[in-house]
Every structure is written in structure tokens, then in C-alpha cells.
Amino acid sequence: MTDPCKVTGGWQRLGTVLSGAARPTPSDDGVFVNMPVTRGSTVLFPSLDAMNRKGHQRYDHTSGYGAMGSPIQHELEKVIATVEGGTDCQLVGSGLAACTLPLLAFLGAGDHCLFSDNIYGPTRRFAETMLRRFGVEISYFPPMADSAAVAALMRPNTKVVFAESPGSHTFEVQDVPMLAAVAHDHGARLFLDNTWGFGIFSPFSHGVDVSIQALTKYPAGHSDVIAGAITVADPQSWRLLRDAAIQTGQLCGPDECWLTLRGLRTMGVRLSQQARSALHVAQWLKEQPEVMHVLHPALPDCPGHAIWQRDFSGAGCLFGVVLNPCYSQEEMEKLVERLHHFGIGASWGGYESLVLPSTGSISRSFAEPAGQGPGFRLQIGLENADDLIGDLKQALAGLPQNA
Ligand SMILES: Cc1ncc(COP(=O)(O)O)c(C=O)c1O
């Protein structure tokens, strides 16, 4: 039985940093405690000389023009870089843009990118369509491959290894330090979609070069923002990333930044509560006869559970459920529709519980383990955990009992 403190500890420790970050400095005139939203395109200067000087600082967190970001964007970038443990961060308009922009920044025609087979579907689609069209070679590795197997898939032209840990439908927790060692031995960078691990997995101390976040999820936390962040920890990566952001006009709007900053203030307590409830619900589901596996990194059923124990300081509120193989896809879908407290919808990390069938949203190059039933994904929100269990109980009871 996993100790609930292991899933909540990291979240609780974030409270001080999230409360104190991006706060205006008090002055004799007094300042409001929260940063103002500055909306704008044009930035005015007293002289051409001053304007040109600002223009030359385009790789810094400064704005000579609205498309380079607003003051609140740059403050939020500093907060995300601090939580991730990197040096510089670029905010963009969505989590998907945070996945795709660094691929554009770091890859060119003739390069090879090795993706984990469990990556977020739209990232895979971008690789298969746009990257291939621009002459980038794409291939995949099984998420739980060992170092020899990953090394065997590296090519002389591999520039990027792209991992997602845990996978957002299949929840494999990957050995990130091992992936970093293989990538670096072959002269490549390791990218990580660290959305599930934000605040509880420290990417740069585990060898990651580029860490990707969908701020849409835990940081914004109220299902009312779409935003993304890319964090790096070395000056060369920052120049490449910032240049690509400026050239492609990527930014995050000031209202989205303000809402995300507001969401971050309570992320520690929200996620601490949601992680505790998620573990409680997952442990209950694991005992149910209709359930084959619960894919929650804190439970032994989850591929890479030991790696989660070694590398993470907490757990998220999103996990997978696999039914016994005697149930059909249609029976699973009816179960999903019997739930009252779980909204049927994409995304996760908000205050409310959600459910989504896993099958159909996943495409794979390597075969799934045989003999598994249909699966669905649960996002656990701030509802009472026992109410959620009651709801799941009645939905499971509606499955054919003779199966
Ligand atoms: C793991 C992961 N990465 C990236 C994204 C994309 O985020 P957004 O919805 O902000 O584009 C998602 C969205 O569901 C996700 O689950």
C-alpha cells in the first residue's frame, strides 16, 4: 500500500515558492500584491537609440514589441523556470505548441528524431506530417526499452530523443536518466514532455535538456486556459529556442498568463488534495473484480513504478484503468456514460473529475501487451473521493455480471 505522503509531499513543498513568486516589489507609494495585466502591441521608446538597444536584447526576457511577450509573460516564465529547475523559459499559446516549437528549433532536414512510442497523439501527428515533410527522419522506441535497446535505435544523425513520462494514456514511467545518458553519448538532446510531472519531477537534475509543459493542466488548474511552456538550462539551447519563438511569433497572451499565475498560487494545495484522492480511488479500483490493471505510477501495476518511486516527489491526479478482457469496447463506453460526477471530455489537471476512453486516442508502432480489456482514463478533481468511488461503483455494477 503506497503511503499517501509519497504522493502529496512534493506538492506541499511547493507552497512557499508559488506564493512568493512574481510579486511586485513594495514601494513607498504602495503596490498591489498581484502583477497587473499589460495588454499591448506597440512599445514606445524615448529615442531610436533606446529602441535599437532594446531590439538587440531579443534573446533576453525583454519586450521591444508585443509579439516578444509582455511583462507578465516574462514574470511567469521565471516562475516556470524556477519550478522546473532550468534557467530560461519560453511561454507559448498551448501545450501542443510547447511540444512542436522546440522540434522546429532543434531539427533540420536530414536529422533524425527518436520518439517514445507513448507520446501525446497530436505531437506524433506533427512529427509524422510536418517534420517528415521538412525532411526529418522519425522513428520510435518502446517506452520501457532498456538502454541497449534505445542505443540500438540511435542513428549517426539523431539530434533529439523525445520522451513523455508517464505517458498520458498508458502511464509508463520512463527511466529519464538512462535516456539522457544514451542521448548524450550519441551527441543528441533529450526532450521531455513533463506535463504530468510538473513540480514533482525535476527534469534538469535527471539529465533532460528541454522540458515541455502544457500549463493548461495543473498550473492553470481551472479548465479555462490553454498555454504552454518550454524550459531549458543552457545558453545555447536558449538562443535556439528563443530565436525560433521570435521567428514564428510564439507568445502567451497576458490574460492567459495572469490566469495561469493565479492558478499556480493554489497548485500545491489543489494537487496535494487531488493526488491523495486519486490514490484513494485508484486503490479502490484495484480491488474491484471487473478491473484488470490500474495504471497509476504509485501502484505496482504501473510499468515503471520503481522508477516513479526513485525519481518523483509526488503523483498527479490522472491515471488509467484497464478492464478485464471479457468486456467489450461498447460495454466500457456504456460504463463511461453511466458516470455522473465525471465529465466526458479531453484534457486534465483542472479542479473537476473527467473520464475518457483510452482506446482510439492512441496510435502505436509497437504492439500493446496481449490479453488486455478496454481501458479508460480518469482525472480526479476536488470532489469528495468517496462520492467518486460511489459513482464508479454504480457504473461498474452496470457491467454484465456473467462476463
Ligand atoms: C501530455 C500532454 N502534452 C501536451 C498536451 C497539449 O496541451 P494543450 O491542450 O495545452 O495543447 C496535452 C493535452 O492534453 C497532454 O496531455
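Author: The discussion below takes up a strand, its partners and a pair of helices. This is a predicted model, in which local features need pLDDT of at least 70, side-chain atom pairs count only at pLDDT 80 or more, and totals for chains, interfaces and linings use all residues. Residues are numbered from 1 along each chain as its sequence is written.

Reader: Where do the side chains of a strand point, and which residues of β6 point each way?

Author: In a regular strand the side chains alternate between the two faces of the sheet. In β6, V210, I212 and A214 point one way, while S211 and Q213 point the other way. All of these residues are buried, that is, 20 or more other C-beta atoms lie within 10 Å of their own, with C-beta atoms placed from the backbone. Strands here are DSSP runs of E of at least two residues, and helices are runs of H or I of at least four, numbered from the N terminus.

Reader: Which strands are joined to β6?

Author: Two strands pair if DSSP finds at least two bridges between them. Strand β5 (residues 189-193) runs parallel to β6, with three bridges, and D193 has I212 as its bridge partner. Strand β7 (residues 228-232) runs antiparallel to β6, with five bridges; here A214 stands opposite G228.

Reader: How are helices α11 and α14 packed?

Author: Two packed helices are described by the angle between their axes and the distance between the axes. For α11 (residues 267-286) and α14 (residues 385-397), the angle is about 30 degrees and the axes are 9 Å apart. Axes are lines fitted to C-alpha atoms over the stretch in contact, and angles run from 0 to 180 degrees between N-to-C directions. The two helices α11 and α14 are therefore roughly parallel, a term for angles under 35 degrees.

Methods: Buried ≥ 20, exposed ≤ 12 C-beta atoms within 10 Å, placed from the backbone. Parallel < 35°, antiparallel > 145°, perpendicular 65-115°, else oblique.
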